Amino acid sequence: MSTRSLVLIALFTAIIVVLGLVPPIMVGFFPVPIHAQSLGVLLAGVVLGARGGGLTVLLLWVLVAVGLPVLSGGRGGLAVFLGPTAGYLVGFLPAAVVTGWLSDKAAHRITDRWKLVASFFVAAAAGVVIDHIFGIAWLAFAASLTLAEAVIGNLIFVPGDLIKAAIAAYVGLLLTINFGNRIRIG
Amino acid sequence: MIPDAKGDSPIHRVPPGAKLLALFALSVLLFTLTSPVALSWLSGAIVAATLLCCRAALVQWLKAWPLLLTIAALGIWTVFARGPEAATIVLLRLGSLSLFATVVTVTTSVGQFIDTITRIAHPLERLGIANARDIGLAIGLVIRFVPEIRARYRNVVDAHRARGLKLRPSTIIVPMVISTILCADEIANAIDARNIRGTPSKRN
């Protein structure tokens with residue numbers, strides 16, 4: 001791996017950490033708080049591609065596991081990997097990899113801007129769905145809920161997460177226009 | 001932001017790998033036990049051991065209130081949906097698991113953890129997937145650049161305020177990410193110039 005790729009991965013992890021430190025941003029007609037940390041994960045997938053996005057999440061996991069308070073609300077330490085919402089954290093990895101893989105494909109083939117932003121949105125939305133599947137599965141197991149109950153408890157987060165996917169697609173488009181495919185780590 | 005792992009209890013001297021294995025074994029055990037009586041014995045033992053060996057962990061555990069809040073919310077919900085017995089099981093499981101995980105975190109320094117992770121990553125290095133020493137470098141880079149990127153975020157927010165613009169995620173994140181990516185080359189060159197990775201430099 002080139003030093004530049006290593007630095008980009010570290011910088012994106014730092015961006016995810018910073019997005020967890022900032023206060024949630026209100027979005028929409030009826031305000032939905034956007035906790036920006038999972039936005040950072042989608043962004044890493046869209047911008048850095050499958051390998052870069054996956055490595056970014058792995059680095060974030062390492063920081064959480066060694067006990068640094070890098071998740072939103074100053075959470076960190078091994079307890080986070082075993083709490084009721086650990087599935088979302090674990091789901092970050094497949095989410096970033098799938099989002100990255102899909103947007104890698106899109107970025108190499110599509111040149112039309114509207115089509116590109118639409119396919120980035122689809123990629124990020126796929127990432128959101130995968131993250132939620134992991135989150136729901138672990139919540140249902142750890143709290144012995146039925147799947148239906150866990151899905152219902154999960155539904156409040158869906159609108160906010162779709163907005164995040166849209167923001168990730170928009171930012172991904174602007175970055176692809178600015179930097180081309182140079183920053184994809186393959 | 002780096003937690004302090006000073007102290008000298010018996011748990012501090014256990015190698016980190018063993019502690020991680022114990023945590024894994026405990027999580028399996030807690031999720032296989034279904035009787036509240038057995039669970040409360042186990043949780044009681046964990047709390048007692050924590051009080052005896054490592055009180056700092058208990059303080060740290062209480063400080064992690066966002067996590068405790070989600071566990072409590074889940075407990076309250078379970079009381080209404082399933083009854084008090086099921087709620088006790090959920091609370092004992094998640095509570096004692098998070099307490100033991102906090103004990104492991106508090107009694108292990110960041111340096112020890114990084115050493116352990118590097119050792120675990122050595123087989124990967126032989127397969128050519130990753131360079132184990134890069135892990136330590138990457139962690140250092142993140143810790144170094146979090147304050148910097150945070151300052152950058154503040155600058156963008158201040159610029160919005162000065163111009164009377166509404167704070168929108170897209171207009172904040174785009175300049176933040178672009179300026180961060182622009183400095184990646186400089187940092188990479190600085191690392192290569194000092195030969196920190198000890199390998200001939202390769203460019204993308």
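**Figure 1. V64(A), a residue of chain A.** V64(A) counts as buried, because its relative accessibility is 0%; buried means under 20% relative accessible area, exposed over 50% and partly exposed in between, with a 1.4 Å probe and protein chains only. V64(A) belongs to helix 2 of chain A, where helices (H or I, at least four residues) and strands (E, at least two) are DSSP runs numbered from the N terminus. Leaving out residues up to four places away in sequence, V64(A) touches V70(A), L71(A), G76(A), G77(A), L78(A), V80(A), F81(A) and L89(A); contact means heavy atoms within 4.5 Å. L147(A) is 83 residues from V64(A) along the chain, and the two C-alpha atoms are separated by 28 Å.

The model shown in this and the following views is predicted, so local features need pLDDT of at least 70 and side-chain atom pairs count only at pLDDT 80 or more, while totals for chains, interfaces and linings use all residues. Residues are numbered from 1 along each chain as its sequence is written, chains are lettered from A and ligands numbered from 1 in the order in which they are written, and side-chain values use heavy atoms, with hydrogens and water left out.

**Figure 2. The largest cavity, lined by residues of chain A.** The structure holds 2 cavities of 30 Å³ or more. A cavity is a set of points, on a 1 Å grid over the protein atoms alone, where a 1.4 Å probe fits but cannot get out; lining residues have an atom within 4 Å of a point. The largest cavity has a volume of about 60 Å³, a volume being the space filled by probe spheres set on the points, with grid points joined across faces, edges and corners. Its lining consists of S38(A), V41(A), L42(A), F92(A), A95(A), G127(A), V128(A), D131(A), H132(A) and D161(A). At least two lining residues come from each of helix 2 (37-65), helix 3 (86-109) and helix 4 (113-142) of chain A. Helix 4 of chain A gives the largest share, 4 residues. By class, this lining has 5 nonpolar, 3 polar and 2 charged residues; Ala, Val, Leu, Ile, Met, Phe, Trp, Tyr, Cys and Pro count as nonpolar, Asp, Glu, Lys and Arg as charged, and the others, Gly among them, as polar.

**Figure 3. The second largest cavity, lined by residues of chain A.** About 40 Å³ of space lies in this cavity. V46(A), V47(A), G172(A), L175(A), T176(A), G180(A), I183(A) and R184(A) line the second largest cavity. Helix 2 and helix 6 (157-179) of chain A each supply at least two of the lining residues, and the largest share, 3 residues, comes from helix 6 of chain A. The lining has 4 nonpolar, 3 polar and 1 charged residues.

**Figure 4. Helix 3 of chain B and its buried residues.** Helix 3 of chain B (residues 36-53) has 18 residues, and from its first C-alpha to its last it reaches 25 Å, close to the 26 Å expected at 1.5 Å a residue; the expected span is 1.5 Å times one less than the number of residues. L39(B), S43(B), I46(B) and T50(B) are the buried residues of this helix. They cover an arc of only 60° around the axis, so they lie on the same side of helix 3 of chain B; the arc is that of the directions from the helix axis to the C-beta atoms. An α-helix has 3.6 residues a turn, so residues three or four places apart point the same way. The buried residues pack against helix 2 (16-32), helix 4 (55-63) and helix 6 (84-106) of chain B. The face turned away from the buried side carries the exposed residues V37(B), W41(B) and L52(B).

**Figure 5. T50(B), in helix 3 of chain B.** T50(B) counts as buried because its relative accessibility is 3%. Not counting residues up to four places away in sequence, T50(B) touches R55(B), A57(B), L58(B), L99(B) and V103(B). The C-alpha atoms of T50(B) and G17(B) are separated by 19 Å, with the two residues 33 apart along the chain.

**Figure 6. T78(B), in helix 5 of chain B.** Helix 5 of chain B covers residues 65-82 and holds T78(B). T78(B) is buried, with a relative accessible area of 2%. Apart from neighbours within four places in sequence, T78(B) is in contact with G83(B), A86(B), A87(B) and V90(B).

**Figure 7. Helix 6 of chain B, a mostly covered helix.** Of the 23 residues in helix 6 of chain B, 17 are buried. Helix 6 of chain B reaches 32 Å from its first C-alpha to its last, close to the 33 Å expected at 1.5 Å a residue.

Conventions:
1 Å grid on protein atoms, 1.4 Å probe; cavity = no way out; pocket = protein on both sides within 12 Å on 5 of 7 lines; lining within 4 Å.
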